Amino acid sequence: MGGLDADVAAALARVLRDFTTTPDEVYFMAWEGYAGLKDVYRSSALISGPNDRNLYVVRGTLDDVLASVEEPPFKRLPLWWVPADRAWCVGNDIYALSAFVGGSEECATAIAGEGALESYVAIAGQSVVPEEF
């Protein structure tokens, strides 16, 4: 809860790399309410995100996915990742226990086949029950 686990993020990034043409241009978003948020986030664009949460947006590469959005000792990872080609999107909420990935059917199949990830494939129009916080 509160962000992606580093091992999960690393495994997801390995899979997603094959499904974008822009791994060197990825946008990462972090919630504005994190107390130790790094200056690079606080000085970037602020957008309105899901659940009425404002998110700062920074540009990096897929290799930056494990870079904390906060100063030490905190180590939270970005809540959202979107490559410039918008081939997929990773989304998480500060209170969520799960992350969601939007992408092609091939991308979903590859994620489901990654043994390091616990995943379930959902299809367009399928309801997802909200998690209890």
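Begin by selecting β4 (80–83), β5 (89–91), β6 (100–102) and α3, which are among the elements that cover the buried residues of helix α1, helices (H or I, at least four residues) and strands (E, at least two) being DSSP runs numbered from the N terminus. This is a predicted model, in which local features need pLDDT of at least 70 and side-chain atom pairs count only at pLDDT 80 or more, while totals for chains, interfaces and linings use all residues. Residues are numbered from 1 along each chain as its sequence is written, and side-chain values use heavy atoms, with hydrogens and water left out.

Next, select α1 itself, where A9, A11, L12, A13, V15 and L16 are buried, buried meaning under 20% relative accessible area with a 1.4 Å probe, protein chains only.

Now show α1 (residues 6–16) together with α3 (residues 105–112): their axes, lines fitted to C-alpha atoms over the stretch in contact, come within 10 Å and cross at roughly 140 degrees. The contact (heavy atoms within 4.5 Å) is made by L12, V15 and L16 of α1 and by C107, A110 and I111 of α3. These contact residues divide into six nonpolar, no polar and no charged, where Ala, Val, Leu, Ile, Met, Phe, Trp, Tyr, Cys and Pro count as nonpolar, Asp, Glu, Lys and Arg as charged, and the others, Gly among them, as polar.

Finally, move to R53, in the loop between β2 (45–48) and β3 (54–60). R53 is buried, with a relative accessible area of 17%, and, not counting residues up to four places away in sequence, R53 touches W31, I47, S48, D93, I94 and Y95.

How values were computed: Axes fitted to C-alpha atoms, helices over the stretch in contact; angles between N-to-C directions. Buried < 20%, exposed > 50% of the residue type's maximum accessible area, 1.4 Å probe, protein only.
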